[in-house]
Amino acid sequence: MGVVLLQACVPCATHTHVALLSKHSSATMPPSLVANAEPHRRSRRRRWRRSTIVSAEPTSDSSTTTLTSSNPEKNDVKREGLDEKSTLLRRLWKVAAPYWFSDDKVQARLQLAAVFALTLGTTGISVGFSFLGRDFYNALANKDQEQFTKQLLYYLGGFAGGIPFFVLRDYAREILSLRWRSWMTKYYMERYLENQTFYKIQSQSIIDNPDQRIVDDLSSFTGTALSFSLTLFNAAVDLISFSNILYGIYPPLFVVLLVYSIGGTTISIFLGRGLVSLNFLQEKKEADFRYGLVRVRENSESIAFYGGEENEMQLLLQRFRSAFENLTQLLIASRNLEFFTSGYRYLIQILPAAVVAPMYFSGKIEFGVINQSVSAFNHILGDFSLIVYQFQAISAFSAVIDRLGEFDDILDRSSSKSVSDPSEEIRVVYHSVRSSPVLDSNGSMTKDVHQKLLDIENLTLQTPSKATLVRDLSLVINEKDHLLVMGPSGSGKTSLLRAMAGLWSTGRGTITFYVKDGEYLLPSISSDGNPPEVSTVHDDMHEELERTINRNSRGIFFLPQRPYMVLGTLRQQLLYPTWAEDAIANLESAKPSGLLPFLMPVPVSGNVSKKLAKPTTDDLIQVLEDVRLGYILSRIGSLDSTCEWSSVLSLGEQQRLAFARLLLSKPKLVLLDESTSALDEANEAHLYQQIRAAGITYISVGHRNTIKDYHNRILHISATDPDSTQQNWHIDLVNSYTV
């Protein structure tokens with residue numbers, strides 16, 4: 001039943017969802033209860049206008065042609081016509097339905113049934129108060145003190161018995177709303193983070209502010225959708241309960257009610273037709289302004305060095321002006337609608353009394369019946385006039401549905417295929433092989449020191465605009481075959497590494513990785529956004545092996561120029577990403593349980609650290625010494641200290657910390673994207689010696705001539721000539737290879 005009601009609730013109310021249900025109860029509750037409830041409702045109404053921070057922009061080399069920035073003047077959505085009603089209905093169902101058919105559906109439906117039962121109980125109490133009010137005012141009008149005292153006691157007893165139902169109904173509704181939101185938050189985060197969808201959305205500027213949609217829009221959606229579903233249910237019960245009362249008092253009054261409500265709804269829709277688009281844009285523009293402020297905070301040092309305060313001020317004012325102008329239009333539209341709704345709301349206080357007053361003057365009804373007719377009229381009119389009373393809330397919630405529906409569509413497309421250009425053709429293939437030992441002439445076993453790790457065949461890299469960066473590249477990387485990639489800025493060096501990691505997909509060719517039995521690969525998706533191809537190899541040196549490649553693995557490692565610093569302790573920094581789940585699980589185990597089942601940490605599929613045991617505390621301390629960061633422990637206190645690491649550590653220290661992660665994970669192949677650019681030559685040489693001693697094969701991107709000595713081959717990439725079909729690369733041997 002909950003799903004049916006949710007499907008029927010478009011358009012729905014938004015941030016004022018508490019007031020939606022309270023409207024019905026306050027119409028018949030005593031004034032004292034209404035007065036006490038009103039401040040609580042007002043405080044809830046303030047929650048809706050929250051905007052959150054959008055994700056920070058990824059770094060990119062100059063060959064990348066699509067960067068994200070939340071430009072308030074860009075991508076402004078143009079809302080058209082009413083043909084979007086079907087889209088709104090589809091998106092509402094698509095967003096709302098999954099939870100009610102999920103693994104938590106039994107508990108969810110039971111709680112929803114309990115909320116419905118409590119709502120039905122509050123409606124019955126409201127009907128009872130209607131009759132109590134009639135007899136109470138009759139006794140007052142007749143000056144019957146004995147009957148008045150009796151009805152007063154009944155009223156007090158009704159308060160004592162009825163208040164718990166109203167409180168428990170609201171509490172049960174909020175608890176169910178929180179449970180629903182918790183499930184949806186995890187559901188959307190899983191889809192956002194799988195198949196590197198978050199990277200595609202950000203790098204291709206597909207939609208704005210995905211984090212705001214997960215945090216604010218989901219919170220608003222679950223609370224409002226549930227509240228409005230219960231409001232519709234309450235309205236249906238009210239219509240059945242109070243229509244008989246009203247029709248029994250005076251049938252023409254019921255006709256007046258129908259005409260009044262239909263006319264009011266029609267006028268409200270006409271006056272507020274632009275509010276949906278204005279609310280949609282307001283959410284975006286406020287998030288854009290917030291994003292600008294966050295960028296100032298995250299890049300404070302760079303801005304201070306540049307002396308760019310005035311420029312930042314102008315950019316922030318531009319974004320705020322955009323939000324201000326849209327909000328001004330929103331307030332004007334709301335003001336025009338409020339002129340009508342205020343008159344509509346106040347007129348009903350006298351309309352029913354004016355209609356039945358002649359019957360009272362003629363002696364056909366008692367004074368208490370007038371009060372009862374006003375109460376019944378308000379109840380039924382409130383049921384018929386949901387659009388009039390909640391039009392601004394409905395328009396705001398429609399915008400929330402649009403934003404979540406758009407986000408959901410993007411996530412669905414990404415789960416089935418890439419959200420980028422369908423013409424991408426770069427294939428990333430993973431071969432799982434088992435190495436067999438080779439016999440020496442004396443019969444002893446020798447180690448295979450020339451295991452193939454990487455094979456690139458006819459690879460052509462292109463920008464999204466189809467400009468060629470690298471043409472027909474073919475090369476093979478074996479163990480201990482260290483390659484340096486050099487070339488002018490913008491020639492596609494970093495893009496080549498991105499293609500190897502499955503992040504760059506535009507172009508053609510095949511990239512094949514080889515991993516021995518028991519070793520897994522870090523990239524978990526191919527360039528088309530789907531799981532990578534997994535095959536087996538069998539020849540004189542390889543035995544066939546079938547194994548599923550797991551995401552969190554140690555076969556390939558990537559070190560960017562600016563390392564990612566996770567939110568957490570120094571221990572978590574070092575264990576990321578290979579043992580990140582273990583580190584988080586250890587922290588969570590110390591906290592009290594009681595969370596919802598679907599919020600508990602999910603076991604990682606496969607056994608990531610099966611061959612390599614998780615490092616001990618001594619191992620972590622030793623690796624800090626190996627990368628010459630041992631002094632950090634004395635500065636911060638311990639491995640379990642938490643800091644804002646991107647601010648506490650210099651870029652050079654962050655790069656050395658990234659090498660510590662690398663030495664702990666011990667992959668077979670590492671891709672280094674100018675990973676020592678912030679280090680002096682002595683520390684640079686020391687780190688290359690460390691990873692070579694660990695038996696790690698590396699491919700480096702760099703500009704310094706000093707790093708040539710740590711490689712045995714150099715891949716030179718030059719700028720491409722659009723009119724030429726010749727290869728723009730060549731490979732040289734490094735004769736002075738000394739490391």
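Author: Contact here means heavy atoms within 4.5 Å. Among contacts between residues at least 6 apart in sequence, 81% join residues at least 24 apart. This is a predicted model, where local features need pLDDT of at least 70, side-chain atom pairs count only at pLDDT 80 or more, and totals for chains, interfaces and linings use all residues. Residues are numbered from 1 along each chain as its sequence is written, and side-chain values use heavy atoms, leaving out hydrogens and water.

The protein has 24 helices and 14 strands (DSSP runs numbered from the N terminus: H or I, at least four residues, for helices; E, at least two, for strands). Of its 739 residues, 51% count as buried (under 20% relative accessible area, 1.4 Å probe, protein chains only).

Now the core. A nonpolar core is a set of buried Ala, Val, Leu, Ile, Met, Phe, Trp, Tyr and Cys residues joined through side-chain atoms within 4.5 Å. The largest one holds 40 residues. Leu570, Leu574 and Ile691 touch the most other members. Elements that each supply at least two residues include strands β6 (483-486), β10 (556-559) and β11 (669-673). Helices α18 (570-575), α23 (651-665) and α24 (681-693) are also among them. Helix α23 gives the most, with seven residues.

Take Ile691. Leaving aside residues up to four places away in sequence, Ile691 touches Phe659, Leu662, Leu663, Leu672, Ile696 and Tyr698.

Definitions and conventions: Buried < 20%, exposed > 50% of the residue type's maximum accessible area, 1.4 Å probe, protein only.
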